[in-house]
Amino acid sequence: MSTTNSKFPKDFLWGGATAANQMEGGFHEGNKGLNIADVLPGGKQRLRILKEPGFNFEIDHDKYSYPNHEGIDFYHRYKEDIALFAEMGFKVYRMSIAWTRIFPNGNETEPNEEGLAFYDRVFDELHKHGIEPVVTISHYEMPLTLVKEYGGWRSREVIGFFERYVNAILNRYKDKVKYWMTFNEINSALHFPIMSMGFSIESHEDKYQSIFQAFHHQFVASSIAVKACHEIIPDAQIGCMLLAAPIYPYDSNPENVMFALEEERIFNYYCGDVQVRGEYPAYANTFFKKHNVTLDIREGDLELIKENTVDYIGLSYYMSSTQKKNKLEEEMIQGNLLEGVKNPYLQASDWGWEIDPVGLRIVLNNLYDRYQVPLFIVENGLGAYDKLEEDGSIQDDYRIEYLRSHLAATADAIEDGVEIMGFTSWGCIDLVSASTGEFSKRYGFIYVDKQDDGSGTLERKKKKSFYWYKDVIASNGENL
Ligand code: BG6
């Protein structure tokens, strides 16, 4: 039932979010090539592999399992899944295109028709149900050939391959997709370059030199995508996508406040400053001097970046992070690719991610104060163990509580004056977790019968949260 007292604007874009590599499966079908996610093993060891040097980017079935290969088989079951999204009342569905379905190796000259046709079918199915797609162009799934033969985004040559990919999908889907985003959680590469930049830092390598040069290549590539999108689809909007985690000082010790501010600038704002304002910020020069970073910036790069800034900011929010200049081992906590100290005021999820709905209101206000462009919450949710009851139901009240409090914080931010386009809950259907390659870390409103040991029928079941979210959407956020 639609009501009038809602704090959410009437055209608010409610929906859910996923990424191709974490759910499509069909990793060898339709001429798809291998991507970085296809070689990442499942299980908690994935985090260690993501962090350490020396990963060989090979598949080793004797040692590891690869849950992303089958995912939840969206490749064959998309009709059933989209019908369930429609039943919840989704206005939008955030998904990504697998670059390797379109250019299997990344460096071909012509796109793969089978891959293009697959997404035509998905977009048509969404439209049939009145759901608008929101598409991430690159979500942790760089073609493996570009990783192995070019060193990932270290190489400037990759910009040209990305441009070809972008032109192919913008031209093909210009009548079907009106919301785009360039690189998922672009800033996450500061700590974990492997997933989005396609390389891990080798022991002899200068970490910051490689990462900030790769960022520069991505900024140029992102601006090329923004320019092409505005030219090819004038009525579309294209955003950047940031991992947003407000960074709190542990206490009022000015040293800790300054430390948190510096961390916040280089992690939370650096990419946004370039992609939204179109300029390298002044503090970057100080950071580069301190860490001996010299960027190779070619003629025309800075003008391109300045003239092609994004229309909106897509962001993920799961937790805040608390920082202190001198950290003791026993105070530390890890979560969402971040390391900080424990915040005494917050509880953490089973994966150590500190739950902080007020942090969402803070980050929304901070981003809007700084940039004054619309914000789109394209990821938020709780990764939790779910229990299948004897009667077949899943009573996920903890997930409802998490989302309820974060949507209440979103409503508060709207009242604060922040312009928010929409909310797409992460992993609206259970999928493979990105950082740990597990099925058991579930985010969905829809349960998928698939377990960490590979067993399961892939049957879909509606959780309690499915009915709750349906009511939230129907009441435009009034019934939280
Ligand atoms: C974000 C990513 O970091 O968080 C998603 O964009 C990811 O791909 C999500 O799945 C949740 O993280 P995880 O590790 O719990 O899957």
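Leaving aside its neighbours within four places in sequence, which residues is Arg460 in contact with? In this predicted model, local features need pLDDT of at least 70 and side-chain atom pairs count only at pLDDT 80 or more, while totals for chains, interfaces and linings use all residues. Residues are numbered from 1 along each chain as its sequence is written, and side-chain values use heavy atoms, with hydrogens and water left out.

Arg460 is found in strand β14 (residues 460-462); strands are DSSP runs of E with at least two residues, numbered from the N terminus. Arg460 is buried, at a relative accessible area of 9%, where buried means under 20% (1.4 Å probe, protein chains only). With contact taken as heavy atoms within 4.5 Å, the partners of Arg460 beyond four places in sequence are Ile72, Asp73, Phe74, Arg77, Glu80, Asp81, Leu84, Ile429, Ile446, Tyr447 and Val448. The Arg460 side chain makes a polar contact of 2.8 Å with the side chain of Asp81; such a contact is a pair of N or O atoms within 3.5 Å, and within protein one must be able to donate a hydrogen and the other to accept it, with residues adjacent in sequence counting only if both atoms are side-chain atoms. The side chain of Arg460 also reaches the backbone oxygen of Ile72, at 2.8 Å.

Turning to the ligand, Glu185, Ala434, Ser435, Lys441 and Tyr443 come nearest of the 15 residues around it, a residue being near if one of its heavy atoms lies within 4 Å. Ligand oxygen atoms lie 2.5 Å from a polar side-chain atom of Ser435 and 2.7 Å from a side-chain N or O atom of Lys441.

Note on methods. Helices (H or I, at least four residues) and strands (E, at least two) are DSSP runs, numbered from the N terminus. Buried means under 20% relative accessible area, exposed over 50%, partly exposed in between (1.4 Å probe, protein chains only).
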